[in-house]
Amino acid sequence: MVPSIPTNYIKPRKTASAKILGKNLVFWKNNNTVTTLLDVCSHRFAQLSKGIITKEENIKCGYHGIEYNGLGKATLLPHSV
């Protein structure tokens, strides 16, 4: 088991971040489940924790708007539309 942050610290439609075991992580609630990814956008390495949670409960990078689902898969690439 990896140490983490308390789930009540993670508010709906908000991000939370923490450095755990040397890794910067972002947390958010996705379908009432806490989701964790590395706190970095794969495009320009911006912090995902500075982005927003969409109505679909994906995390959206605040730099270019790339959206990631709870599995870390990019679901919207606005620059390619």
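This is a predicted model: local features need pLDDT of at least 70, side-chain atom pairs count only at pLDDT 80 or more; totals for chains, interfaces and linings use all residues.
Trainee: What is the strand order in the open sheet?

Mentor: The sheet has three strands in the order β1-β2-β3, and their pairing is antiparallel.

Trainee: Why is one side of β1 and of β3 left without a neighbour in the sheet?

Mentor: Both stand at the edges: β1 covers 16-20 and β3 covers 33-38, and each has a single partner strand, so one side of each lacks a neighbour there. From one strand to the next, the twist averages 35°.

Trainee: Turning to β1 and β2, how many bridges join them?

Mentor: Five bridges join β1 to β2, which spans residues 23-30, and the two run antiparallel.

Trainee: Which residue in β2 is the bridge partner of A18?

Mentor: That partner is L25.

Trainee: And what lies between β1 and β2 in the hairpin?

Mentor: Two residues lie between these strands, and L21 in the turn has a positive phi of about 50°.

Trainee: Now the other pair: how many bridges are there between β2 and β3?

Mentor: β2 and β3 pair over six bridges, in the antiparallel sense.

Trainee: Which residue in β3 does K29 stand opposite?

Mentor: K29 stands opposite V34.

Trainee: Which residue in the turn between β2 and β3 has a positive phi?

Mentor: That residue is N31, with a phi of about 55°. β2 and β3 form a hairpin with two residues between them.

How values were computed:
Residues are numbered from 1 along each chain as its sequence is written. Side-chain values use heavy atoms; hydrogens and water are left out. Two strands pair if DSSP finds at least two bridges between them. Helices (H or I, at least four residues) and strands (E, at least two) are DSSP runs, numbered from the N terminus. Axes are lines fitted to C-alpha atoms, for helices over the stretch in contact, and angles run from 0 to 180 degrees between N-to-C directions.
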